[in-house]
Amino acid sequence: RWNVARMTLRRAVDEFVIEELLVRRHGSGTYTTRPKVAKWLGMIGFSEDVRRGGMRPGSTMLEFRHLRAERAAARRLRIPVGDPIITFTRLRLADDVPMVVERTTLPAGYVPGLQAEDLNGSLYDLLTTRYGIDHVSGTPRLEPVMPDAKSAGWLDIPTTQPCLAVHGISFD
């Protein structure tokens, strides 16, 4: 009907799933996703934002892993599938009050020798001072979400507490 090979169509659908334009429901099918309320924001680091608010920023490392990039992460980071990556999750604090669960993925080749204990402060400052990487642009997207049980526990809030998720990619 469309003069397209089944494999080409399947690959296109996979890409739309990665981009969150389609969602697969096991045993049911593939559907378009509901439009998300999105607002484009200027890129500012958490630490700088908290300082501007007159508070003291802080961090607690929750998870730190060295992995190989799977397809979705490789696409977002614009690196080959299988390249080494570092993923970490930090609880970000303002005056010792939990404010944000921050999940970050970086190409390991950009940050050789990075360890969990290096990430107590601003990631942007660390990238600039240690690795010579200057953050110049980004593509943040804001959407309302309900927290998963693990994130709610870290933030000390109920899973019924509405939250905001900021998804973004920063560029040097």
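This note goes through the predicted model shown above, from its overall make-up to single residues.

1. Basis of the model. The structure is a predicted model, in which local features need pLDDT of at least 70 and side-chain atom pairs count only at pLDDT 80 or more, while totals for chains, interfaces and linings use all residues. Residues are numbered from 1 along each chain as its sequence is written, and side-chain values use heavy atoms, with hydrogens and water left out.

2. Overall make-up. The protein has five helices and nine strands, where helices (H or I, at least four residues) and strands (E, at least two) are DSSP runs numbered from the N terminus. Along the sequence these elements follow the pattern α-β-β-α-β-α-β-β-α-β-β-α-β-β, and the C-alpha trace spans about 60 × 40 × 25 Å along its principal axes.

3. Of the 172 residues, 28% count as buried; buried means under 20% relative accessible area, exposed over 50%, and partly exposed in between, with a 1.4 Å probe and protein chains only. Taking a contact as heavy atoms within 4.5 Å, residues 24 or more positions apart account for 52% of the contacts with a separation of 6 or more.

4. The sheet of three strands. An open sheet has the order S3-S4-S5 with antiparallel pairing, and its edge strands, S3 (57-68) and S5 (97-107), each pair on one side only. Two strands are said to pair if DSSP finds at least two bridges between them; S3 and S4 (residues 84-94) pair in the antiparallel sense over 11 bridges. Within the sheet, Glu-63 stands opposite Thr-89 in S4.

5. Ser-151. This residue has its place in helix H5 (residues 149-155) and counts as buried because its relative accessibility is 6%. Leaving aside neighbours within four places in sequence, Ser-151 is in contact with Val-101 and Arg-103.

6. Two aspartates with positive phi. Asp-95 lies in the loop between S4 and S5, and its phi is near 50°, a positive value in a residue other than glycine; with a relative accessible area of 37%, Asp-95 is partly exposed. Asp-156 is in the loop between H5 and strand S8 (163-167), with phi near 60°, again a positive value in a residue other than glycine. At 69% relative accessibility, Asp-156 counts as exposed.
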